[in-house]
Amino acid sequence: MISLGLWLNQITASSLAEYCAAQMNIPVCTQKPTGVEYILEFSETAVQLHACNHENYKPLKLDFTLGGAAHRRKFGGGAGQMIAKAAGLSGKITPHIFDATAGLGGDGFVLACLGCRVTLMERSPIAYVLLADALNRACVYAQQCDAELLEIIQRIQLLPGDSIEHLKTYAGYYPVIYLDPMFPERQKTAAVKKEMQLFHALIGKDEDSAELFNNALEKTWCRLIVKRPRLAPPLNNTRVDLTLEGKSCRFDIYTRRKITLETLAACGDE
């Protein structure tokens, strides 16, 4: 079992630290923890995940204002991106998307950049606090100097919890549901950065992805999108209606209705 410490670094309180502590039954320390494999640090500047046994690895911190996220927002190809085609985006059609496996929020952020309202759900307390912190920081930054980014962040809603249970009790339908389950075969590829390999090891793989798929299929109004490693079999070995394939991954699409303004209105999703 992997050990984790929660560290309040020069701050007296953090609602995200309290949430993580309650969910994982781990005490919050005001001194840097010792004897653990990972430290989740909460400070005034950011939430960061440290791998104590790999001091040469950079701390994992999410940032939607700089780096790869900012570059893809500005130069990623817009509606020509494969994920945009998978989601059925065109013209005025920007459906509400439920990302049931938010992870570190990369794909959800891209979809919000493309004009979609995106609901993210993440059950891992570690991933949730990293993502929540990044969205909060991006919102503060955008309010000061980036109106376009602020509009994007305001289209994103992040929820903690288990998507399977959420979908079982959800009264309506989502126009589009997006799944990107974590699989063991993806953790061994050379393309995955060392820091991300450690994150995958800490979070673990999604053992219940088949159940999530079944519940998502029942609650999608227009289409269900499943992101898969390019050479992996379809999730649940279910017949796929349409596949978009890239160099390292593909999108398997399960269609229920054609995405049009009329079908989106009929969904009743607000």
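Which ring does the charged end of Lys219 sit over? The ring is that of Tyr173, with its centre 5.4 Å from that charged end. A charge sits over a ring if NZ of Lys or CZ of Arg is within 6 Å of the ring centre and within 35 degrees of the ring normal. Now select Arg257 and Trp221. Arg257 lies over the face of Trp221, at 3.6 Å from the ring centre.

Before moving on, note the ground rules. This is a predicted model, where local features need pLDDT of at least 70 and side-chain atom pairs count only at pLDDT 80 or more, while totals for chains, interfaces and linings use all residues. Residues are numbered from 1 along each chain as its sequence is written, and side-chain values use heavy atoms, with hydrogens and water left out.

**Stop: helix H9**

Select residues 209-219, helix H9. Helices (H or I, at least four residues) and strands (E, at least two) are DSSP runs, numbered from the N terminus. Ser209, Leu212, Phe213, Asn215, Ala216 and Lys219 are buried in H9. Buried means under 20% relative accessible area, exposed means over 50%, and partly exposed lies in between (1.4 Å probe, protein chains only). Now show what surrounds them. The buried residues of H9 pack against helix H7 (163-169), strand E8 (174-179), strand E9 (220-229) and E11. Packing here rests on contact, meaning heavy atoms within 4.5 Å.

**Stop: aromatic pairs**

Color Phe, Tyr and Trp. Rings of these residues (for Trp, the six-membered ring) pair if their centres lie within 6.5 Å. Planes under 30 degrees apart count as stacked, over 60 as edge-to-face and the rest as tilted. By this rule the count comes to seven aromatic pairs.

Select Phe64 and Phe109. Their ring centres are 4.7 Å apart and their planes are at 25°, so the pair is stacked. Phe64 is in the loop between E4 and helix H2 (67-75), and Phe109 is in helix H4 (residues 106-113). The pair links distant parts of the chain, 45 residues apart. Phe64 counts as buried, at 5% relative accessibility. Phe109 counts as buried too, at 3%.

Next, select Phe213 and Tyr254. Their ring centres are 5.0 Å apart and their planes are at 75°, so the pair is edge-to-face. Phe213 belongs to H9, while Tyr254 is in strand E11 (residues 249-255). This pair also links distant parts of the chain, 41 residues apart. Both Phe213 and Tyr254 are buried.

Then select Phe98, Tyr170 and Tyr174. Ring pairs link these residues into a cluster.

**Stop: helices H1 and H5**

Select residues 15-24 for H1 and 125-145 for H5. How far apart are their axes, and at what angle do the helices pack? The axes are 9 Å apart and the angle is about 170°. Axes are lines fitted to C-alpha atoms, for helices over the stretch in contact, and angles run from 0 to 180 degrees between N-to-C directions. H1 and H5 are therefore roughly antiparallel (an angle over 145 degrees).

Show side chains at the contact. H1 brings Leu16, Tyr19, Cys20, Gln23 and Met24. H5 brings Pro125, Ile126, Tyr128, Val129, Ala132 and Asp133.

Now look at the buried residues of H1: Leu16, Ala17, Tyr19, Cys20 and Ala21. Their packing partners include H5, strand E1 (4-8) and strand E7 (156-160).

**Stop: two positive phi angles**

Asn25 lies in the loop between H1 and E2. Its phi is near 55°, a positive value in a residue other than glycine. Is Asn25 buried or exposed? At 71% relative accessibility, Asn25 counts as exposed.

Jump to Asn236, in the loop between E9 and strand E10 (242-245). Asn236 has a positive phi of about 65°, although it is not a glycine. At 32% relative accessibility, Asn236 counts as partly exposed.

Select Ser3, in the segment before E1. Ser3 is partly exposed, with a relative accessible area of 25%. Not counting residues up to four places away in sequence, Ser3 touches Gly35, Val36, Glu37 and Tyr38.

Finish at Leu150, in helix H6 (residues 147-154). Leu150 counts as buried, at 18% relative accessibility. Leaving aside neighbours within four places in sequence, Leu150 is in contact with Cys139, Ala142 and Gln143. Draw a distance from Leu150 to Ala138: their C-alpha atoms are separated by 7.8 Å.

Definitions and conventions
Angles under 35 degrees count as roughly parallel, over 145 as roughly antiparallel, 65 to 115 as roughly perpendicular and the rest as oblique.
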